[in-house]
Amino acid sequence: DFLCISLVNGFTQLRYNLGDKTVILQALQKVRANGNTWHLLKAGRAGNEGYLDLDGIKVTQKASPGMNVLDTHTDFFVGGVSSLNLVNSMATENEPTGFTGCIREIVINNRELKLTATDPKGGANVGDCDGTVCGYSVCKNSGTCQVENSGFSCSCPQEWTGTTCEQSIHCSQNLCGSQALCIPQPSSFSYTCVCALGWSGKYCDSKIKFYIAKFVGNSYIKYTDSYYGKRNLQYSRISLNFTTNQTEGLIAWMGKSEDEDNDFLAIGIANRTLKVVVNLGERISVPLVHRKYFTCCDERWHFVTVAQNQTCIKVYLDEELILFEDIDPQRKYTALNYGGICYFGGFEIGRKVSVVTTGLFQKEFIGKIKDVVLFQDSRKIQLMNAEGYNVYDGNSGN
């Protein structure tokens, strides 16, 4: 399998093969190869239906029966490859050759790649395209960069300050503690402090401990499973207690949640009922929904367990088996490669649940979680010993 974007006789071309046939899309207009015109290229595929958009002019390929998953296990290359032997003979129209020109702002599945000297895994013969210390996007938040004798300076819009316009003026004199994030509130010319785990108060300067985690809607916990390397991922299990009065919300997400290739097991509330979604590698998420309504948002404590035995999923609610399904009788993928990462209540600040889960869950969790156990561990995980923000002590009334 492959997916390749190339320049052919002055035209941009997208080629991909999902295992059965090579699909070829070519832009309608030529690229202006004068060395000073930037072009915006968008290309991709949903299943086996492809699209190629150059400067707003789009070409599409209708879906046809056949393969619809891109199975690639190589590195991602930009501008050239480490060895031409890696390039499938059908990936380019002519003999493959390296790109000469400038590339910036590469976004893969909504995540921007950092094109710096240190962030990529490797590379060769790549220089700074701008040729000055200003480069691309040195000044944040629409700031304007000027080259100075001593380096550069940024001219910032009125809402931003700092050497690279990285700081909101509303947070420039903030009183948030060191264990906090300052979130600007432009409408009220003010800010709020978002507290790291173990801290609370208006300025996050009060230390707290909790065993019951209280989530208020813009909260999250990211837990790293230190035993991940020793787990048998064909037999995964998670159990926890939760309580809520909301009709929607993501309770737990086992998985890295970095891109669409990541396996995951998710538990949440959707339309007042329990919803479990599992993806073992097909990119086809299998939702399992409990049809007994009004069981999950009654402000009572509920005990939920999800057990994965290869492709068989069992869901227990209050110790009653409510769902039992084989999500892939063909047994193509049987392990939950979740990367040792578990999220509770939501994702990092600024990452919306509805976007990260591609609509599987609509909102961040509001409620309480306790007694989280992974696999058959004898101990509950210590939610305090994790990363997170805006999580409160569920024992108290705050």
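Is Glu348 buried or exposed? At 17% relative accessibility, Glu348 is buried (under 20% relative accessible area; exposed is over 50%, partly exposed lies in between; 1.4 Å probe, protein chains only).

This is a predicted model, in which local features need pLDDT of at least 70, side-chain atom pairs count only at pLDDT 80 or more, and totals for chains, interfaces and linings use all residues. Residues are numbered from 1 along each chain as its sequence is written, and side-chain values use heavy atoms, leaving out hydrogens and water.

**View 1. Glu348 and Lys222 form a salt bridge.**
Side chains of opposite charge can pair when their charged atoms come close. A salt bridge here is a side-chain nitrogen of Lys or Arg within 4 Å of a carboxyl oxygen of Asp or Glu. For Glu348 and Lys222, the N to O distance is 3.5 Å. The pair links distant parts of the chain, 126 residues apart. Glu348 sits in the loop between strand 26 (341-344) and helix 1 (353-356). Lys222 lies in strand 17 (residues 213-224). Helices (H or I, at least four residues) and strands (E, at least two) are DSSP runs, numbered from the N terminus. Lys222 is partly exposed, at 22% relative accessible area.

**View 2. Arg231 has salt bridges to Asp225 and to Asp377.**
With Asp225, the N to O distance is 3.0 Å. With Asp377, the closest N and O atoms are 2.7 Å apart. Arg231 and Asp377 come from distant parts of the chain, 146 residues apart. Arg231 is in the loop between strand 17 and strand 18 (235-243). Asp377 is in the loop between strand 27 (366-374) and strand 28 (387-393). How exposed is each partner? Arg231 is buried, at 14% relative accessible area. Asp225 is buried too, at 5%. Asp377 is partly exposed, at 25%.

**View 3. Lys222, Glu348 and Arg351 belong to one network.**
Salt bridges that share partners join these three residues. The structure holds ten salt bridges.

**View 4. Domain 2 touches domain 3.**
The domain assignment gives domain 1 (2-112), domain 2 (180-208) and domain 3 (213-393). Such bounds come from an automatic or database assignment. The centres of domain 2 and domain 3, taken over C-alpha atoms, are 27 Å apart. Ten residues of domain 2 and twelve residues of domain 3 take part in the contact (heavy atoms within 4.5 Å).

Zero salt bridges are counted between the two domains. Strand 13 (180-185) and strand 14 (190-195) each supply at least two residues to the side of domain 2 that touches domain 3. Strand 13 gives the most, with three residues.
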